[in-house]
Amino acid sequence: METVLWYQNAEINKPDGFVIDGEHQFNEDTHIQQEAFTTLTNSRKWPKARFLSFLKRRYPNASVQLQIYISQSGELMVQSHFINRDEKGRLIPYMFYTKKVDSISSDLKEYAQKAGMKPNENDLIIIKEVIELRKNRAVIYVGGAIVVGLIALLLWK
């Protein structure tokens, strides 16, 4: 299982939906759906993305509920809302898990389209920025170490 989208159905009495590795299906409580949902819920135990609250302030139209979890091995899970609403007017929640982090935005859009939904564009921007920050963290750490070293050198004199 490489990529999973779970979402609440817009019709309250209908089962929740899944798109698992590109295949759209409704919750019929199959083994693969149970495994997919377990993967999603377990990924909420991973560390949350850093700087997320800062990025949400930069993009105020992003979903308030946006959370991004990143595993040590680089898998990613996004929990948020589509811009679509259910029959009671509430935003429709979703969870999206992927091992293919480099194509997360296009995969999330594609999977959402298969479900008849649309993700928040500001959420997609934040996801891209979180991934870029993660890729560049070695540069950030080295830069921070140099700054700390320079400060220590100046204080030493």
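Asp 86 is buried, at a relative accessible area of 5%, where buried denotes under 20% relative accessible area, exposed over 50% and partly exposed the range in between (1.4 Å probe, protein chains only). The model is predicted, and local features accordingly require pLDDT of at least 70 and side-chain atom pairs pLDDT 80 or more, whereas totals for chains, interfaces and linings use all residues. Residues are numbered from 1 along each chain as its sequence is written, and side-chain values are based on heavy atoms, with hydrogens and water left out.

Asp 86 forms a salt bridge with Arg 90, with 2.9 Å between the closest N and O atoms; a salt bridge is defined as a side-chain nitrogen of Lys or Arg within 4 Å of a carboxyl oxygen of Asp or Glu. Arg 90 is partly exposed, at 42% relative accessibility. The structure contains five salt bridges. Among them is the pair Glu 11 and Lys 14, whose side chains meet at 3.8 Å, N to O. Glu 11 is partly exposed at 40% relative accessibility, and Lys 14 is partly exposed with a relative accessible area of 45%.

Glu 110 likewise forms a salt bridge with Lys 114, the closest N and O atoms lying 3.6 Å apart. These two residues are four residues apart in helix α3 (residues 104-114) and are therefore separated by about one helical turn. Helices (H or I, at least four residues) and strands (E, at least two) are DSSP runs, numbered from the N terminus. Glu 110 is partly exposed at 36% relative accessibility, and Lys 114 is partly exposed with a relative accessible area of 37%.

Within α1, Gln 33, Ala 36, Leu 40 and Ser 43 are buried. They cover an arc of only 100° around the axis and so lie on the same side of α1, the arc being that of the directions from the helix axis to the C-beta atoms. The cover of the buried residues of α1 includes β1 (3-7), β2 (17-20), β3 (23-26), β4, β5 (76-85) and β6 (91-98).

Gln 67 lies in strand β4 (residues 67-70). Apart from neighbours within four places in sequence, Gln 67 is in contact (heavy atoms within 4.5 Å) with Lys 48, Leu 52, Lys 56, Met 77, Val 78 and Gln 79.
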